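The sequence and the coordinates are shown first, and a description follows.

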Amino acid sequence: MAETYDFLFKFLVIGSAGTGKSCLLHQFIENKFKQDSNHTIGVEFGSRVVNVGGKTVKLQIWDTAGQERFRSVTRSYYRGAAGALLVYDITSRETYNSLAAWLTDARTLASPNIVVILCGNKKDLDPEREVTFLEASRFAQENELMFLETSALTGENVEEAFLKCARTILNKIDSGELDPERMGSGIQYGDASLRQLRQPRSAQAVTPQPCGC
Amino acid sequence: MSGTLESLADDVSSMGSDSEINGLALRKTDKYGFLGGSQYSGSLESSIPVDVARQRELKWLEMFSNWDKWLSRRFQKVKLRCRKGIPSSLRAKAWQYLSNSKELLEQNPGKFEELERAPGDPKWLDVIEKDLHRQFPFHEMFAARGGHGQQDLYRILKAYTIYRPDEGYCQAQAPVAAVLLMHMPAEQAFWCLVQICDKYLPGYYSAGLEAIQLDGEIFFALLRRASPLAHRHLRRQRIDPVLYMTEWFMCIFARTLPWASVLRVWDMFFCEGVKIIFRVALVLLRHTLGSVEKLRSCQGMYETMEQLRNLPQQCMQEDFLVHEVTNLPVTEALIERENTAQLKKWRETRGELQYRPSRRLHGSRAIHEERRRQQPPLGPSSSLLSLPGLKSRSSRAAGGTFSPPPPARRASAGPAPGPVVTAEGLHPSLPSPTGNSTPLGSSKEARRQEKERQKQEKERAKERQKQEKEWERQEKERQKWEKEQEKEQQKQEKERQKQEKKGQGRKLSLRRKADAPPAPHDGGDRSSAAEARQDAYF
């Protein structure tokens, strides 16, 4: 409870079954590969405070069940997400083919402004690759996504994926493209100090302890 | 008697002589076969004295030898014995008797192998394969990649997709199948899984997962009665039931509770049906979010969710949990009533259900009654097996070709017209059982039994009405009390704010607040009073 941060972002990890969503999350939170894992039924989550561009940001990450029939249930936690990791498995074309559907879900159910990073996971299994880097990066470009190939096993690019997504959101806040105070933005202020920096906007907000700024 | 010996051996931690674990070979398993993980049971488990265990086994053996009689005439006793816990040596057999999967197996000899031999839809097989190593990875049976446990799991899950091609495979079926496999061979586990999916929890694993969402709504409505505080908290945080109950309900708590509790819950579930799932979930919520005290530590949505992912150990402990579950008066009738209400709401807001599952049967008695309606007493029940064509037809009927019966029937309201279409499928020459349930033939015995049954049902209906009235009365009282409580809380909140203002800037404010006479005492009393009140209410 005592941790302080400037912002809190809600993140989603989405993608087809067996692409390694939970392992990515686990690698990011615990810094190790989850060897014996259950598949996700419903929802899992984790959080971590990171430092991005001089700001501390708490990432609250919701990990979703991948099987198609769970979508109706997982929809209910898309609400108000600021960012998403859209995951496919580079050794499975099928998981790549369903990306468009996942993306539509994210943009319609979470927010049209949701910042999405495409993650081609299982990079360590390069010999079994079914989806080339080039192909996926083209898809990313066409859909205005960031793109990285990751490995939850080795940890390669895992942290980068989360950080890149967070950095983009921060930039958008700075440029005014994203308004944290809009309902359902998936962004919250961490503590009062930041609120005060933006005082003009929230004049009506009660700040009981003015600290002379 | 071998059963007794087995159960004794069961209670000693074994090395898992035939376990297939690479690398973990030296690790001891607990008495359930777990090598580690969150469901590993240390030596803390209480175990029943040998003579008690043995007595129970004898009682169960006696019941098995007269099963039909026990179910129809002494069901209360069966229920009680399930609540006490089925002896581990007889658990597999009891589950198959309770779910009646035993009969299904007998009626369909060779069916499982036939399903196994069929090629199967690669769409499902791919997903199943991906899940094989993800079921209870800490259990000795499933720890080894490609080991026996995983092979059997594949066989059952695949067979199910061929048996019910309209349903296919749902990821939540895998843990359920795995629990069954820990107790019985693949073929038996398969039929048991079929009964769970078809009779106990129809629609839970079907595309769209509407049944689970509907049960989420039913659960939330029941929570309002069981724990108004938890209900209000979740509503304010806008935490949909599906966010926390999906895994609980779909896996029948197999991934949530300590293993001893999982088994006790399953024992009761096989006997009493989905009601047990609702009750367990209600108990868990009551003890996680059911008091002002507990709510203090989960101010936000995320904290609340975290709390629900890390349930307090104490409330999951087997004896405590079973005791609480037994004492929670959430009846089948109540669930069905809520079902009707929520279904109506669903239709109003979301339109017609996409998928209409067959009628849910509340436990072994309902399954038994359905079976009896389908097989009017002609003498020894096994004689039906010799009817020509029954086998193939019955498997077809169970194969999902029947049209869905009207949904949301109140399961036990009045003499139900029954398992309409299935029955027709079984006995096409019979007069339609819809409307009246006159059994086959006009033998006196049959008529007498039928009368008896109707009488019983009437009595039960009366009983139910009485109960419902009682509920309503209590509901009114509860609302009154809730209002009072809310007022009280507002008052307290104001008080607290006032105090806070006063104490601002003072380091000691927090402690002072705790010392200040009115608020904390009030708070403490109120929460305990609230709990006492809830307990009295139930």
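Which residues are buried in helix 10 of chain B? In this predicted model, the buried residues of that helix are B:Q173, B:A174, B:P175, B:V176, B:A177, B:A178, B:V179, B:L180 and B:L181. Helix 10 of chain B is thus described as mostly covered, with 9 of its 9 residues buried. The cover over these residues includes helix 5, helix 9 (148-163), helix 11, helix 14 (242-250) and helix 15 (259-272) of chain B.

**The two domains of chain B**

Chain B is divided into domain 1, residues 91-201, and domain 2, residues 210-354. The C-alpha centres of these two domains of chain B lie 26 Å apart. Where they meet, 17 residues of domain 1 of chain B are in contact with 16 residues of domain 2 of chain B. About 1,500 Å² is buried between the two domains, and carbon and sulfur atoms give 80% of that area. On the side of domain 1 of chain B, the residues that lose the most area to domain 2 are B:W95, B:Y200 and B:L201, which together account for 33% of what that side buries.

Between domain 1 and domain 2 of chain B the count is 1 salt bridge. A salt bridge joins the side chains of B:R91 and B:D267, at 2.9 Å from N to O. Helix 5 (91-99), helix 10 (173-181) and helix 11 (186-200) of chain B each supply at least two residues of the side of domain 1 that touches domain 2. By class, that side of domain 1 of chain B has 14 nonpolar, 2 polar and 1 charged residues.

**The interface of chain A and chain B**

Chain A contributes 29 residues that are in contact with 42 residues of chain B. The area buried between the two chains is about 3,000 Å², of which 56% comes from carbon and sulfur atoms. The count of salt bridges between chain A and chain B is 1. A:E44 forms a salt bridge with B:R309, and the closest N and O atoms of this pair are 2.9 Å apart. The interface of chain A and chain B also has 15 residue pairs in polar contact, both residues being at pLDDT 80 or more.

On the side of chain A that touches chain B, strand 2 (43-52), strand 3 (55-64), helix 2 (71-74) and helix 3 (93-97) of chain A each supply at least two residues. Strand 2 of chain A gives the most to this side, with 5 residues. The residues of this side of chain A divide into 10 nonpolar, 14 polar and 5 charged.

| Salt bridge | N to O distance |
|---|---|
| B:R91 and B:D267 | 2.9 Å |
| A:E44 and B:R309 | 2.9 Å |

B:C315 is placed in helix 19 of chain B, residues 313-316. Is B:C315 buried or exposed? B:C315 counts as buried because its relative accessible area is 0%, and the cut-off for a buried residue is under 20%. Apart from neighbours within four places in sequence, B:C315 is in contact with B:L284, B:H287, B:F320 and B:L321. B:R372 is 57 residues from B:C315 in sequence, and their C-alpha atoms are 39 Å apart in space.

Note on methods
Residues numbered from 1 in each chain as written. Chains lettered and ligands numbered in written order. Predicted model: local features only at pLDDT ≥ 70, side-chain atom pairs only at ≥ 80, totals over all residues. Heavy atoms only, no water. Domains from an automatic or database assignment. Contact = heavy atoms within 4.5 Å. Buried area = accessible area lost by both parts, 1.4 Å probe. Salt bridge = Lys/Arg side-chain N within 4 Å of Asp/Glu carboxyl O. Helix = DSSP H or I, 4+ residues; strand = E, 2+ residues; numbered from the N terminus. Nonpolar A, V, L, I, M, F, W, Y, C, P; charged D, E, K, R; others polar. Polar contact = N/O pair within 3.5 Å; in protein donor to acceptor, adjacent residues only side chain to side chain. Buried < 20%, exposed > 50% of the residue type's maximum accessible area, 1.4 Å probe, protein only.
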